[in-house]
Amino acid sequence: MVKYCVHAEIPFLKFEDPHLQPWIDSMQPAFQIKGRHTIRDDAVKMYKGMKKDIEVELQNLDSRICLTSDMWTSSQDLGYMCITAHYINAEFNYKKKTISFAEVKYPHTGYAIEEEIVCCLTEWGI
């Protein structure tokens, strides 16, 4: 269920909608909806497992890692930066993984951008 929720970008709060369980009951009365906190905890657990797998993959690479970044400002005037790692694995397949999505402190100077990139690289051990 968590994989579907992440894929479909369903807010966790939707699991407490009073109309959801009656609808599910109409199809499968034995199925009980999990609460939003349980769904959130399962999503975090899945994220941590996937992150660990990517960390192992990046540490065992025989190739180099190329990083790209992108920055933008939200409608609330908050700055965000996304960092993506690009690499070729042992089977010679091109891979790209988003390794950071973070808010960048204002003002968005070169130093603030550098600080976020260094923090990301340190966290991933790159």
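**Figure 1. Ile-24 in helix α2.** Ile-24 lies in helix α2, which comprises residues 20–27. Helices (H or I, at least four residues) and strands (E, at least two) are runs assigned by DSSP and numbered from the N terminus. The model is predicted: local features need pLDDT of at least 70, side-chain atom pairs count only at pLDDT 80 or more, and totals for chains, interfaces and linings use all residues. Residues are numbered from 1 along each chain as its sequence is written, and side-chain values use heavy atoms, with hydrogens and water left out. Ile-24 counts as buried because its relative accessibility is 12%; buried means under 20% relative accessible area, exposed over 50%, and partly exposed in between, with a 1.4 Å probe and protein chains only. Apart from neighbours within four places in sequence, Ile-24 is in contact with Pro-29, Phe-31 and Ile-33, where contact means heavy atoms within 4.5 Å.

**Figure 2. The salt bridge between Arg-36 and Glu-16.** A salt bridge is a side-chain nitrogen of Lys or Arg within 4 Å of a carboxyl oxygen of Asp or Glu. By this rule the count comes to 5 salt bridges. In the salt bridge of Arg-36 with Glu-16, the closest N and O atoms are 3.1 Å apart. This pair links distant parts of the chain, 20 residues apart: Arg-36 belongs to helix α3, and Glu-16 to the loop between α1 (2–8) and α2. Arg-36 is partly exposed, with a relative accessible area of 30%, and Glu-16 is also partly exposed, at 42% relative accessibility.

**Figure 3. The salt bridge between Arg-40 and Asp-41.** The side chains of Arg-40 and Asp-41 meet with an N to O distance of 3.1 Å. Arg-40 is partly exposed, its relative accessible area being 36%. Asp-41 is likewise partly exposed, with a value of 39%.

**Figure 4. The salt bridge between Glu-123 and Lys-51.** The closest N and O atoms of Glu-123 and Lys-51 are 2.3 Å apart. Glu-123 lies in helix α4 and Lys-51 in helix α3, so the pair ties together parts that are 72 residues apart in sequence. Glu-123 is partly exposed, with a relative accessible area of 44%, whereas Lys-51 counts as buried at 15% relative accessibility.

**Figure 5. Helix α4 and its buried side.** Helix α4 has 15 residues (110–124), and at 1.5 Å a residue it should span 21 Å; its end C-alpha atoms are 21 Å apart, which agrees. The expected span is 1.5 Å times one less than the number of residues. The buried residues of α4 are Ala-112, Glu-116, Cys-120 and Trp-124. They cover an arc of only 100° around the axis and therefore lie on the same side of α4; the arc is that of the directions from the helix axis to the C-beta atoms. Their cover includes α3 (36–59), β2 (79–88) and β3 (94–104). The face turned away from the buried side carries the exposed residues Gly-110, Tyr-111 and Thr-122. After α4 comes Gly-125, whose phi is positive, near 70°.

**Figure 6. A nonpolar surface patch of Ile-88, Phe-92 and Tyr-94.** Together these residues have about 370 Å² of accessible area, as given by the Shrake-Rupley method with a 1.4 Å probe; for residues, only the protein chains shown count as cover. Patches are made of residues with over 30% relative accessible area and no salt bridge, like charges being joined within 9 Å and nonpolar side chains (Val, Leu, Ile, Met, Phe, Trp, Tyr) within 5 Å. Ile-88 is found in strand β2 and is partly exposed, with a relative accessible area of 34%.
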